[in-house]
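Let's take a walk through this structure, one piece at a time. Have the model open as you read.

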Amino acid sequence: MPSDSALRIVWIYPDLLSTYGDQGNVLVLEQRAQRRGIATETVHVRSADPVPETGDIYLIGGGEDRPQILAAERLRRDGGLRSAIGRGAAMLAVCAGYQIMGSTFGGEEGQPVDGLGLLDIASSRGPARAVGELVAEVDSALGLPTLTGFENHMGVTRLGPGARPLSRTIKGVGNGDGFEGCYAGHVVGTYLHGPALARNPALADLLLGWIVGELAPLDDTRYEQLRQERLGAVLSA
Amino acid sequence: MTQLPLRAQLASALGRSAATLSRMTGRGDGSVIGGRVGLMLEPDLLRKLARDRKLALVSATNGKTTTTRLITSALLELGEVATNAFGANMPAGHVSALSQHKGAPYGVLEVDEKYLPEVLDTTGAGVVCLMNLSRDQMDRAAEIWLLAQKWRRALSGRPTHVIANCDDPLVTWGASTAAQVTWVAGGQRWKEDSWCCPECGGPLDRKDADWACRECTFHRPEPHWVLDDDAVLDPRGQRWLLDIQLPGLANRSNAVMALAVAETFGLPVDRALPRLREVTSVAGRYTTVQRDGRHARLLLAKNPAGWLEAFDVSDPRQPIILSVNAQGPDGRDTSWLWDVDYRILRGRPVFVTGERRLDLALRLDVADVPFALCESFSEALAMQPPGPVDVIANYTAFQQIRSEFGRAV
């Protein structure tokens, strides 16, 4: 990131995909950058507008079936996100947004819908809705603490050789095969919906670190209190 | 009213006994258990109880209980009204409400958004009042686009008269298959769920209250009733000062919906409005409870749109206690906290409690809102100086506070 400019956060299509408090991920990234003295500039890109190619971190969230299909169609036509990822920008894709990044996903009636192919994954509609708290151990190569969050989806996602599982599930469904989420390059996909970064500040720092390099530590008391309370409640249940 | 068949009479009577027992043993207000018992004995009980009455169904994401209460208060001007006043808004609650007022010629039923098609089909209600649709706790509520689609199917081909808020594009879409619609410009504060056209997915252009799709012909219908700040313009263009006691814009909107519904029952504004003005609190909402010189006003907010309305009502000069739980009726997922803009609380003394206070604490921390974390509502209240304080709580947190004060109404 050039030192003379602010960190550019691009939130893709909040008008279509922001059903689950997805704004939380934007706010957490902003806060964690700003508390380290890094200025931020956030762009909310509505679905009728072009996706800028010059962002640093892209966020895309969860939503209903129909908006998901509309978002996939528009992003395929737009091309801005593809260019940005090609340049090395980071992305967190959540739930419906995660599925869109693959080659295909299941529509309202389970019909296959084309995705963007930015991640080597393919999703389809599963037999039952996965709703509840999720706990998973992150791939040791990333060196992150336990993943905690909430999932609410009907998707089943299979990873191809071009994507690595983000984590192995201890509680919850995730991709549906014992793993949750995936990553490749600077792109992370997850079923942990909404404010996944509020429950996993280390994941926020992973994205920030990819763009700005080494990060100063922060006082994470509030985050840690919430993490410990949730992990305690979920793992003892 | 025609006489109920014997089996339905028995089912209805046993249901009422179960409800009484539930109340006497302090287990609840009895409106759900009574209806369940009745339905077990006579599955067709709701249809039978609804027959020969003039019914209005009330549905929305927010304001169902209050609007149901306002319509009921108005219709009491005409005669006895059966209603589910305490928010038991699924078929068991409807059975219970109608059983308790067997002779009432009128009924006003609050209906859960998901159950509206089924309840409309079963009761054949002549009037349906639809106010707003916005994101709710997604692990328990249905997706709203899908919900509006189901309303469209349910209303299509029926003689139902719908009263709908045309300032909410999704409600407009959901209502527009009905044979007859009275459009009410009731306002829409929360707009985050209606930037896209429900018909085609294109962008909605907005100018003041007006909205229209940029890509298809879907647009805001011409309203018959208009909420204009603290007054209403009726279909004849006559302006009435609302002057209701329930606070906030959302309640003025609910009042206008109630006036429009009342008119379909033949009750004119000059007779309905004085009745609406008598309502001061609804099932504990907006009521003020007292303890040791503290006057706590109770506001219920269950989702982001509801919090926006609660902030509108709340007095910025006063301290505020926030309480959040995540039990089944609240939604077990607290993600929605991130859709609420808490920055409006900056500069006010804020106290945070409830079973999920740590979720709220982090949310406020990220919004740069200073606060004090409290183990319980009692502790938070004890930290207040004598005088008024506002309380905003979500569903079960609200009920817990209410029961501390003897189920305050």
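Helices (H or I, at least four residues) and strands (E, at least two) here are DSSP runs, numbered from the N terminus. What you're looking at is a predicted model, where local features need pLDDT of at least 70 and side-chain atom pairs count only at pLDDT 80 or more, while totals for chains, interfaces and linings use all residues. Residues are numbered from 1 along each chain as its sequence is written, and chains are lettered from A and ligands numbered from 1 in the order in which they are written.

On confidence, pLDDT is the predictor's own score for each residue, from 0 to 100. Chain B averages 92, with 96% of its residues at 70 or above. The model as a whole comes with ipTM 0.96 and pTM 0.90.

Now for the layout of chain B. It splits into domain 1 (45–277) and domain 2 (288–404), with bounds taken from an automatic or database domain assignment. Their C-alpha centres sit 28 Å apart. Across the boundary, 17 residues of domain 1 of chain B are in contact with 15 of domain 2 of chain B, contact meaning that C-beta atoms, placed from the backbone, lie within 7 Å. The domain 1 side of that boundary has five nonpolar, six polar and six charged residues. For those classes, Ala, Val, Leu, Ile, Met, Phe, Trp, Tyr, Cys and Pro count as nonpolar, Asp, Glu, Lys and Arg as charged, and the others, Gly among them, as polar.

Cys213(B) is in strand β8 (residues 210–213) of chain B, whereas Cys216(B) falls in the loop between β8 and β9 (225–228) of chain B. Cys213(B) is partly exposed, because 19 other C-beta atoms lie within 10 Å, and Cys216(B) is exposed, with 12. (Buried means 20 or more other C-beta atoms within 10 Å, exposed 12 or fewer, partly exposed in between, with C-beta atoms placed from the backbone.) Leaving out neighbours within four places in sequence, Cys216(B) contacts Cys197(B), Glu199(B), Cys200(B) and Gly202(B).

Finally, 22 residues of chain B are in contact with 28 of chain A. On the chain B side, α12(B) gives the most, with six residues.

Notes
Contact = placed C-beta atoms within 7 Å.
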